[in-house]
Amino acid sequence: MSKTIKKCFYEKLTFEKMIAANNRARIGKVKKKEVTIFEMDLETNIIRIIDEIKSGNYYFGKYRSFFVYEPKERLIKSLPYRDRVVHQWYVEEFIKPYYFKRFISDTYACLDERGTHAAVFAIQKKMRRMKRKYPSYYVLKCDVKKYFYSIDKHILLEILKRDISDQKLIEFSQRILDDGQEIGIPIGNFTSQYFANIYLNELDHYIKEELRVENYVRYMDDFVLLLPQKEDARRILLLIKKFLNQHLQLQLNSKSRYFLNENGIDFCGYRIFETHILLRKRFKKKMRKKFKLWKNLLNQNKFIYSKFLLSVNSCKGHASHCNSYHFMKKFDKEVDHLIPKEEYQEK
């Protein structure tokens with residue numbers, strides 16, 4: 001594997017690759033007005049993007065900002081559609097082919113054939129391995145404080161420069177990062193989740209190669225280490241804090257702590273034990289609130305079955321990956337109260 005990404009920027013700047021980027025960017029958005037307008041003159045728009053990038057005159061548009069409140073309040077920034085096509089091209093042609101090979105096997109966010117469920121099962125497998133060696137052990141569970149908002153773009157660019165020798169690609173990467181803010185990358189950019197993974201890849205290699213921690217799993221800015229003794233957990237927590245502060249200008253959230261394995265681990269939407277996996281209490285509480293909302297909408301004749309069924313199926317999919325028999329019995333009863341069983345099956 002090449003140590004750096006060498007001159008390939010213009011080789012990958014082709015009409016075919018940009019069309020493929022558009023095909024990915026439009027998934028789930030084909031009915032949106034800006035997508036329709038862009039595709040009304042697709043070839044001209046794609047050629048214009050390529051010409052502007054080649055000449056160095058491509059400028060990203062203004063962000064549209066809005067808040068989401070689940071699972072917590074976050075500011076989301078969205079670029080115009082043509083910029084999202086370019087981000088798709090950039091990630092697919094440069095980030096995925098090179099950086100995915102550099103990620104450790106114990107990181108799971110935004111990676112093909114990995115994800116939340118794979119991370120959960122990996123943690124449980126490591127917990128079982130630890131349990132065979134030690135009657136009890138310690139869990140060090142950490143997450144980075146305001147991660148996306150705290151990424152230092154100067155440090156991120158230096159990491160990219162270390163791995164990329166193609167000057168044109170560096171310049172374009174810098175243009176992607178330049179959104180007028182010194183610190184932080186926008187939640188909502190397709191590139192941001194990959195830049196965020198590249199940034200904490202530094203921590204991954206430090207933990208695995210220098211601290212020599214075997215049982216470690218990271219999902220974006222949440223990560224878990226399994227350690228034999230309390231003193232190991234205390235010592236490694238201090239070392240991680242020091243590394244994050246000195247090398248990446250990051251801090252751990254105050255919730256970061258270590259505890260005995262008997263308590264289980266809250267991670268990626270589940271509560272994980274060596275012998276079983278449960279739904280988080282937060283998820284159950286969220287579903288109770290949803291049923292209350294659905295009942296109110298039904299009483300007001302504002303109930304939309306299609307949206308309700310999508311949410312129900314999503315919940316069932318999430319619950320199917322853990323031990324949730326009793327919860328799902330109650331859940332199905334609540335569903336039956338809102339829609340007749342035969343109609344639910346038909347839909």
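Before the residues, one term: buried means under 20% relative accessible area, exposed means over 50%, and partly exposed is in between, with a 1.4 Å probe and protein chains only as cover. By that scale lysine 329, with a relative accessible area of 43%, is partly exposed.

A word on the source. This is a predicted model, in which local features need pLDDT of at least 70 and side-chain atom pairs count only at pLDDT 80 or more, while totals for chains, interfaces and linings use all residues. Residues are numbered from 1 along each chain as its sequence is written, and side-chain values use heavy atoms, with hydrogens and water left out.

Lysine 329 lies in helix 13. Helices here are DSSP runs of H or I with at least four residues, strands are runs of E with at least two, and both are numbered from the N terminus. Lysine 329 belongs to a positive surface patch, together with Arg271, Lys281, Lys284, Lys285, Arg288, Lys289, Lys330 and Lys333. Two elements give two or more residues to the positive patch: helix 11 (281-299) and helix 13 (325-338). Which element gives the largest share of the positive patch? Helix 11 does, with five residues.

The patch rests on a few conventions. Patch residues have over 30% relative accessible area and no salt bridge; like charges are joined within 9 Å, and nonpolar side chains (Val, Leu, Ile, Met, Phe, Trp, Tyr) within 5 Å. Lys and Arg count as positive and Asp and Glu as negative, while His and the chain ends are not counted. The place of a charge is NZ of Lys, CZ of Arg, CG of Asp or CD of Glu. Areas come from the Shrake-Rupley method with a 1.4 Å probe, and for residues only the protein chains shown count as cover.

Next, the salt bridges. Side chains of opposite charge can pair when their charged atoms come close. The cut-off used is a side-chain nitrogen of Lys or Arg within 4 Å of a carboxyl oxygen of Asp or Glu. How many salt bridges does a search of the whole structure find? The search finds 21. I will go through three of them.

One is between glutamate 93 and lysine 17, with the closest N and O atoms 3.4 Å apart. This pair links distant parts of the chain, since glutamate 93 is in helix 4 (residues 81-99) and lysine 17 in helix 1 (residues 15-25), 76 residues apart. Glutamate 93 is buried at a relative accessible area of 10%, whereas lysine 17 is partly exposed at 29%.

Another joins the side chains of arginine 26 and glutamate 39, at 2.7 Å from N to O. Arginine 26 is in the loop between helix 1 and helix 2 (33-40) and glutamate 39 is in helix 2, so the pair ties together parts 13 residues apart in sequence. Arginine 26 is partly exposed, at 28% relative accessibility; glutamate 39 is also partly exposed, at 25%.

Buried or partly exposed: which is aspartate 163? Aspartate 163 counts as buried, because its relative accessibility is 5%. Arginine 102 counts as partly exposed at 25%. Both belong to a network of salt bridges that links Arg102, Arg162, Asp163 and Glu202.

Now two backbone entries. Lysine 146 is not a glycine, yet has a positive phi of about 45°. Lysine 146 is in the loop between strand 3 (138-143) and helix 6 (147-150), and at 58% relative accessibility counts as exposed. Glutamine 249, also not a glycine, has a positive phi of about 55°. Glutamine 249 is in the loop between helix 10 (230-248) and strand 6 (257-260) and is partly exposed at 47%.

Glycine 184 is in the loop between helix 8 (167-177) and helix 9 (190-210) and is buried, at 7%. Leaving out residues up to four places away in sequence, glycine 184 touches Phe148, Tyr149, Ser150, Ile151, Lys153 and Asp179. Histidine 318 lies in helix 12 (residues 305-319) and counts as buried at 18%. With the same exclusion of residues up to four places away, histidine 318 touches Cys268, Gly269, Tyr270, Leu279 and Phe283.

Notes:
Contact = heavy atoms within 4.5 Å.
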